[in-house]
Amino acid sequence: MRSCTFFSNENEPIKAASNVVNKAKKKEMKPDLALIYSTKRYSGNYQDILKIIEKEFGNIPQTGGTIDGALFRGELRTDGVFLTLIEDKKARFRVKSFKYSKFNESGKDLIKELDIKEKDLAVIHSPIIYFRNRRDLFKTLAKAKYYDIRPKITKNNKDLIKGFSDHLYKKGNVRPPNKVLEKFSNQESTPVVNINLGHSNLGLDSPNVFSNYRNIKGDLSILLIEKNGSKPIYDDIYPSKTDDLKKNKEIVKKEIEPIKEIEIECIQNIITKINNQTVKDVVNEIDSSSKIEDQELKEDFEKGKVSSETPYILFLFNEETYGGTQIGIKNSFPFSLYPTYIDLSNFSKEAILGYEPSRGKLLKYISSINKVKDKNRFKLTSIDLSTVATFGEKLMKYRKHFEEKLEENYLAIFTYPPAAYLPENQQNQDYLTEVDREIFFSGGGTNLTFKI
Amino acid sequence: MSDKIKTGVYGLDPILGGGYREGTVNLVYGKTGVGKTTFGLQYALYGLNRGEKVTYVSFEMTKKQIVKECKDMGWDEITKYLENNQLEIIHEFGEDVLFLSKDLLKKIRGKDKRSRASRVIIDPLTHLTFSLRSKNERKALSKFFEGLRNISTAVITLEERGLSNDEDSSTPLYLADSVVHLENLGFGEMYDRTLKIIKNRGTNHGEGVYPIDILSGLGLVVEASEDQLKDIRSHKRYDEKFVEAKKEVKSKLDGEVQESILNRLEILRNNWTRDEKPDKVIEEVLRTEKEE
Amino acid sequence: MKVDKLNKELRELSNIPGVKACILYRLDGEIIQVRIPGDKNEIIKLMKWMKNQVKYVINEIKKKNLDSVDFSFDELQVVFYPSSQSTVLAVVTEEEAHRDLIKMEAIGTRDKVNKIIT
């Protein structure tokens, strides 16, 4: 097995693509899989880049998308294009593209359609939040606004709230990982990794997914890896959970610097109330500095300036697994219906409001690499991009850490926290962030390394 | 570049616009131990190795010391040049030179015009510039420089005397045709030993700070990046702009003004080093020259 | 050559959207390398101020063992990173740039500059 990552941040996208291709050619590899990632600087020109790389490597499958940065060979880069070539004759790689609408409507027959084999590992690249264009955004915001401006009709109207949530799911504006991964949950042999693409600033038509050298924008790319021993190593920043919900709550309270225990009302992925108040009012009580109006939100979204950072979190518990997830909240969504990126249908009303539990946890955000035992396989790690704002310069320690732990044949990408479907026989511990049966995710602090 | 006098310092000529102009006085200044003497010796040896006559005036080191300095560097050939009189070393005590322009210049000129040196090195001139307080003393220095220009292309080294801005210590810098500043900060890092071209009359030169090394066998070696060299090299990418400009000059101006501007544009064309187009500059020239 | 490597590192940093200038200063204020990708006029005035700050900044960095010194102006931010005993890397970014991400790149460049220079 051989792998190498090539990087360029030339100003012109074509130059950048040619640059990585030229560097790759010098290595004289016979690759079997290409991973292509790009930061947002080449927005509008991704297809040009893919075309140039395809000319040289178009005979092998490719997956990837846009990210905020990547770590490779001891370097951390947050601007440019990354081409990773993997040469592994013991593995078989297939990449399939799926229109989001088709994926969303598919049921468990998806597995059949993908022709997943027993030894496979599946890796999905998909945005977790995606607005294709202005129209898409305005339509969604209008639905949220409607609820607020017609309270006589809309207040507490569950059908309306569910309708808003269904709209978000149907359009793919929000793709809760537990909804995405439940499509794979009727089989016990193949783990599925969900790389949630996203950026620290939200914007229109962003992130984009690359699949077999096509920029498929907000659709999905699924990579199937058939090789003995390919597996995902998932981890989160929390201690292991217990079988007792109360005990798990106490564990969480120790971790997140709680502000208070609360009760939520929600339908699917929409939080309507926290202790009978809207989310924005609850956050305003703590801190009203980032409050904005809906017009400003629209304008900021169009400019790609809506920050995905959230100073406060809710930790919610699944009534079946006793595990849970953190969801970031802020008061810069100006409507009462607060959409989240988790479907909370199976979740308890009781939750905890607190602060991001990041203090002293720099290395916990990449803990999955500590559990990689085989250094001769290629490893891709997905790191929570909130670490950039949270830890700042300290993040540079990751460079040395990756080199020490993984030595070579690795690439780590900064994007939204990853999720995983792990059949029971593939779980290493009782992760607290089990958001649904055998599905693991949290709005912050999960990291995942899969090895080929 | 072919009519320039090569300095013999590796890497310096490209950033000096090809070398020194013939018949100029060129200053190298810096603090003790920074490489001024090595510079002077490299300049001398480059000429000597090509059959030129060189006069080396030393106000500090004796002939013996200079020879040892060269041999330590691996420049053994100096002995040969002394023996065959291609190299003349004049050792004087600075205090003994009373009249710059007469005494010293006379010695450097020598008796026979035909065997006059084409390269002259004076190392260092410091003693003679200690007290240039009077107008006459400064005039003497000016005359000395003028005299040197008539004889050869000279390199003069000068000890840097701190941050003084007073007139007497900076007079040689004003008078020289080019000034190179050598520095050594002493941290042992890449940019501790550096060379900077403070001035270089009549020629494009590099404006940066260049790291230097002193390497056995080679002496001073100056490093300039490809990008820095590109900034100094002229190119003909925008030739058509100059052609158009000249056409416009011919149609809108006449007589001596036309001739003068055409000449200036031609010089500018031959010396255009910038990446950006010359449009704005040409536009300003034409606008100014066309005004009544 | 080392100067070419240095040049490459500063060029890559200056390529990043939002970066207005990268300047490598020697501790006496002398500019070793400079890259201004856009409008130079915007930066020239600032550069004079920056040159005067270098010695002060280096002193503060040494005294207080700082990783960087930041200055914010109306539309620009200037961050000085000590890149070696005798040099400091200054990065000028526009207000709207993603500073956290650029900071990662700047630190990476600083470390590479340090390797080249020392």
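Author: In chain A, the axes of helix α5 (residues 134-149) and helix α11 (residues 294-303) come within 11 Å and cross at roughly 160°. Axes here are lines fitted to C-alpha atoms, for helices over the stretch in contact, with angles running from 0 to 180 degrees between N-to-C directions; helices are DSSP runs of H or I with at least four residues, strands are runs of E with at least two, and both are numbered from the N terminus. The crossing angle therefore makes α5(A) roughly antiparallel to α11(A), a label for angles over 145 degrees, whereas those under 35 count as roughly parallel, 65 to 115 as roughly perpendicular and the rest as oblique. The crossing of α5(A) past α11(A) is right-handed, that is, the near helix is turned clockwise from the far one by less than a right angle.

This is a predicted model, in which local features need pLDDT of at least 70, side-chain atom pairs count only at pLDDT 80 or more, and totals for chains, interfaces and linings use all residues. Residues are numbered from 1 along each chain as its sequence is written, while chains are lettered from A and ligands numbered from 1 in the order in which they are written.

From α5(A), Arg134(A), Leu137(A), Phe138(A), Leu141(A) and Lys145(A) meet Asp294(A), Lys298(A), Phe301(A) and Glu302(A) of α11(A), contact requiring C-beta atoms, placed from the backbone, within 7 Å. The residues of this contact comprise four nonpolar, five charged and no polar; Ala, Val, Leu, Ile, Met, Phe, Trp, Tyr, Cys and Pro count as nonpolar, Asp, Glu, Lys and Arg as charged, and the others, Gly among them, as polar.

On the domain scale, the assignment for chain A gives domain 1 (2-130 + 173-237 + 360-451) and domain 2 (245-355), with bounds from an automatic or database domain assignment. Their centres, taken over C-alpha atoms, are separated by 27 Å.

Terms used:
Contact = placed C-beta atoms within 7 Å.
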